[in-house]
Amino acid sequence: MTTRDQHEHRSPDLGPDLGPDLGSDRSPDRSGHRDPHRSPARRRHHLPAGRAASGSYALDITPETAGWDRSSLRVLELAPGGVHTLVTGDSEWIVLPLSGACTVQTADADFELLGRDDVFGSVTDFAYLPRDTRAQIASGAGGRFALAGAKCERRLPARYGPAPEVPVELRGAGNCSRQVNNFAAADTFVCDRLIAVEVLTPGGNWSSYPPHKHDEHHPGVESELEEIYYFEVEGGGLGYHRVSPSRTDGTDVLAEVATGDAVLIPDGWHGPSIAPPGRTLYYLNVMAGPGEQREWLIRDHPDHRWIRDTLPDLPVDPRLPLYGPTPGPTPAPQDPEATR
């Protein structure tokens, strides 16, 4: 039986606290215990799996529900034969298969995404959708698809991103080694505002380390970006993620994260993300900001900057790369204006 979800999706207006139930001190943790010391402000930045679900979306984060200006992330779950209509509105979007394959159709372009079995097995192809577009996403066998979005000004052409052209970077060293799939990094794929990458951290390693931030605009030093972390843990299990305040009353999170969880980072020093022993930790980073230049510039926490100085003396974790193209020079970004 074919499942069809043809409505134009509208996110519920939950406001910056993600609705009255999501800010309640009465919410239990994973073990069923209630923590009276965990404040509503802290909990609204950590969204356990299912807490921000809406309709066809297992996760639905918009600027309105996050309480910021630009960044969005949705995780679309389609049953076999499922079809979903996405109206992009004032945002640009990337359709990124997490598991499964799909087709993406607009009035001007059709894309077939071969996808992948899961995020731990391979890089994937993807589709870029411009603002002010109506798209149909369909999957014969079903699957899960991340929709990474950002409010933007320019309307760029719809484009296909082939998996073999995704630059795979090995970042860090020693037990701070991780793999970064730079499918929509600022210097690899042209968008108007959106920046998005995947990070895979082998079991027992720390990533997003040393802690760093990008919540202020300092030309050539730091860019202002809202960021979403979406997590999966290979084979189940738990990882940990830390955000510490960079300002008075800033974001303060120590989260136990599992598959389907997300963390919102409007500000603050973020890291480490800690993979449990024997389990690879995956996260999808989605970012956007107000700066004239689309760039990812970070500032290390001054108390932990010394860690970066030790990395050149350490070997990269031999378990990396987990998969993907051989790391090499980053290709020049495509100029979408030339394809109009």
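Figure 1. H212 is found in strand β16, which covers residues 212-213; strands are DSSP runs of E with at least two residues, helices are runs of H or I with at least four, and both are numbered from the N terminus. The model is predicted: local features need pLDDT of at least 70, side-chain atom pairs count only at pLDDT 80 or more, and totals for chains, interfaces and linings use all residues. Residues are numbered from 1 along each chain as its sequence is written, and side-chain values use heavy atoms, with hydrogens and water left out. H212 counts as buried because its relative accessible area is 7% (buried means under 20%, exposed over 50%, and partly exposed in between, with a 1.4 Å probe and protein chains only). The side chain of H212 reaches the backbone oxygen of P210 at 3.3 Å. Leaving aside residues up to four places away in sequence, H212 touches G268, W269, H270, I298, R299, D300 and H301, where a contact means heavy atoms within 4.5 Å.

**Figure 2. An open sheet of seven strands.** The strands follow the order β2-β20-β17-β22-β14-β13-β12, and their pairing is antiparallel. Because β2 (46-47) and β12 (168-171) stand at the edges with a single partner strand each, one side of each is left without a neighbour in the sheet. Within the sheet, β17 (residues 226-233) pairs with β20 (residues 262-265) in the antiparallel sense over four bridges; two strands pair if DSSP finds at least two bridges between them. Y230 stands opposite A262 in β20.

**Figure 3. Y240 and a nonpolar surface patch.** Y240 lies in strand β18, residues 239-244. This residue, Y240, counts as partly exposed because its relative accessibility is 37%. Together with L238 and L254, Y240 forms a nonpolar patch on the surface with about 300 Å² of accessible area. Such areas come from the Shrake-Rupley method with a 1.4 Å probe, and for residues only the protein chains shown count as cover. Patches are made of residues with over 30% relative accessible area and no salt bridge; nonpolar side chains (Val, Leu, Ile, Met, Phe, Trp, Tyr) are joined within 5 Å and like charges within 9 Å. A salt bridge is a side-chain nitrogen of Lys or Arg within 4 Å of a carboxyl oxygen of Asp or Glu.

**Figure 4. P312 after helix α3.** P312 is placed in the segment after α3 (306-310). With a relative accessible area of 67%, P312 is exposed. The C-alpha atoms of P312 and G172 are separated by 8.4 Å, although these residues are 140 residues apart along the chain.

Notes: Polar contact = N/O pair within 3.5 Å; in protein donor to acceptor, adjacent residues only side chain to side chain.
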